[in-house]
Amino acid sequence: MALLLKYIDDIQEIFDTNGDPRTRDWPLMSSPLPTAMICMSYIYLVKVVGPKLMENRKPFQLRHVLIFYNLFQVIFSAWLFYELGMSGWLTGHYSLRCQPVDYSTDQFTVRMVHVCWWYYFSKFTEFMDTFFFVLRKKNEHISTLHVIHHGLMPMSVWFGVKFTPGGHSTFFGLLNTFVHIIMYSYYLLAALGPSIQKYLWWKKYLTTLQMVQFVAIMVHAFQLLFIDCNYPKAFVWWIGMHAVMFFFLFKEFYTQSYTSKKRKEKLEAQRLALANGSSPKDGSANGHCNGTSNGVSNGLSNGFGIHKAQGSIADYYSQHDDMRLTHRA
């Protein structure tokens with residue numbers, strides 16, 4: 001036990017010696033352990049405790065809570081984007097090519113350091129996305145992508161705020177907050193109800209935007225492997241590989257949610273067409289089926305309820321599409 005405590009003290013000394021003194025005494029910044037514990041608790045709550053507690057309970061109706069929460073996230077993300085921009089990226093103080101960390105007390109530098117901490121804090125507020133899924137019993141939405149994305153981000157950003165609050169890596173935050181403005185705006189509109197949901201046809205393009213974001217972060221980070229920028233190479237790899245991982249996770253989600261679903265719907269449509277005794281791609285087959293297959297299918301449908309089954313399938317897909325409008329990536 002004494003050996004373990006000494007090991008922890010040695011690690012803490014490394015953090016104190018090499019960490020940015022400006023953020024050392026800020027909330028949750030002295031050690032990575034509180035952040036790590038919060039992240040692990042989040043994963044345990046949403047994957048084990050939450051679903052177990054809700055197993056025999058009715059799902060909560062949280063429409064008004066969701067509207068307020070998503071509105072808050074839109075405003076918060078917009079403020080973070082503005083602060084990141086005005087602290088450097090949108091004022092000409094930062095370079096896309098190479099931006100070392102400034103450890104001075106310059107006005108813009110200190111402003112950037114503060115917004116870096118608030119960006120770190122925003123990763124905790126995003127945990128509510130998953131908690132709402134649990135309370136609404138939308139466990140199918142608590143995917144591997146969702147949990148990994150939310151569970152890793154606070155820990156990842158902690159290292160940036162601890163050692164490099166500012167400079168090249170804040171480009172990640174700039175793009176991410178911009179995407180979140182659009183993303184939470186979508187969720188806000190979806191929470192307003194069916195009258196608005198029918199206009200939200202652009203969800204898959206939001207997922208595409210998220211993938212484009214990660215490609216841009218990869219390019220922006222990995223360029224420093226080929227030029228001298230006086231920026232820690234460890235953080236180049238840290239940010240770049242995070243972008244690579246999230247890109248492929250989101251790509252898998254896109255394939256499962258849109259490409260695979262579209263293929264299944266096409267096959268289902270073909271099956272229903274055959275059940276009706278028609279083949280839309282073959283005119284000669286239609287002529288032949290008018291006298292035989294249509295008669296057989298009509299008789300079968302009257303005798304065994306095939307038309308009723310088709311109606312149920314159509315109703316299922318209609319309901320499934322409505323539910324996906326409120327699904328969170």
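**Figure 1. Lys137 in the loop between α5 and α6 of the predicted model.** Lys137 is partly exposed, its relative accessible area being 29%. The structure shown here and in the following views is a predicted model. Lys137 belongs to the loop that joins α5 and α6. Its phi is near 60 degrees, a positive value in a residue other than glycine. Most residues other than glycine have a negative phi.

**Figure 2. Leu28 in the loop between α1 and α2.** Leu28 is placed in the loop between α1 (2-18) and α2. Here phi is near 70 degrees, which is positive although Leu28 is a residue other than glycine. With a relative accessibility of 32%, Leu28 counts as partly exposed. Leu28 is also one of the residues touched by Trp158.

**Figure 3. Surroundings of Trp158 in the largest nonpolar core.** Trp158 is among the residues with the most contacts inside the largest nonpolar core, together with Met112, Tyr120, Val161, Phe214 and Tyr231. Leaving aside residues up to four places away in sequence, Trp158 touches Phe15, Leu28, Met29, Ser31, Pro32, Thr35, Tyr120 and Phe163.

**Figure 4. The largest nonpolar core and a separate core.** The largest nonpolar core comprises 54 residues. At least two of its residues come from each of α2 (33-54), α3 (63-89), α4, α5 (127-135), α6, α7, α9 (203-222) and α10. The greatest contribution is that of α10, with eleven residues. Apart from this core lies another, of 13 residues, including Val74, Phe132, Leu200 and Leu206. In soluble globular proteins, nonpolar side chains tend to be buried together.

**Figure 5. Phe250 in helix α10.** Phe250 is located in helix α10 and, at 3% relative accessibility, counts as buried. The C-alpha atom of Phe250 is separated by 7.7 Å from that of Gln210, although the two residues are 40 residues apart along the chain.

**Figure 6. The largest cavity and its lining.** The model contains four cavities of 30 Å³ or more, and the largest cavity has a volume of about 290 Å³. Its lining consists of 21 residues, among which Tyr119, Val157, Gly160, Ser169 and Phe172 lie nearest the centre of the cavity. Two or more lining residues are given by each of α4 (107-125), α6 (144-163), α7 (170-191) and α10 (233-275). Helix α6 gives the most, with six residues. By residue class, the lining divides into 13 nonpolar and eight polar residues, with no charged residues.

**Figure 7. The disulfide between Cys98 and Cys229.** The model has one disulfide, formed by Cys98 and Cys229, whose sulfur atoms are 1.9 Å apart. The torsion about the S-S bond of this pair is about 100 degrees, and the disulfide is therefore right-handed. Because Cys98 lies in the loop between α3 and α4 and Cys229 in the loop between α9 and α10, the pair ties together parts that are 131 residues apart in sequence. Cys98 is partly exposed, with a relative accessible area of 21%, whereas Cys229 is buried at 4% relative accessibility.

**Figure 8. The cysteines Cys39 and Cys116.** Cys39 has a relative accessibility of 5% and counts as buried. Cys116 likewise counts as buried, at 9% relative accessibility.

How values were computed: Residues are numbered from 1 along each chain as its sequence is written. This is a predicted model: local features need pLDDT of at least 70, side-chain atom pairs count only at pLDDT 80 or more; totals for chains, interfaces and linings use all residues. Side-chain values use heavy atoms; hydrogens and water are left out. On a 1 Å grid over the protein atoms alone, a cavity is a set of points where a 1.4 Å probe fits but cannot get out, and a pocket is an open set with protein on both sides within 12 Å along at least five of seven lines; lining residues have an atom within 4 Å of a point. Grid points are joined across faces, edges and corners, and a volume is the space filled by probe spheres set on the points. Helices (H or I, at least four residues) and strands (E, at least two) are DSSP runs, numbered from the N terminus. Ala, Val, Leu, Ile, Met, Phe, Trp, Tyr, Cys and Pro count as nonpolar, Asp, Glu, Lys and Arg as charged, and the others, Gly among them, as polar. A nonpolar core is a set of buried Ala, Val, Leu, Ile, Met, Phe, Trp, Tyr and Cys residues joined through side-chain atoms within 4.5 Å. Buried means under 20% relative accessible area, exposed over 50%, partly exposed in between (1.4 Å probe, protein chains only). Contact means heavy atoms within 4.5 Å. A disulfide is a pair of cysteine sulfur atoms within 2.5 Å.
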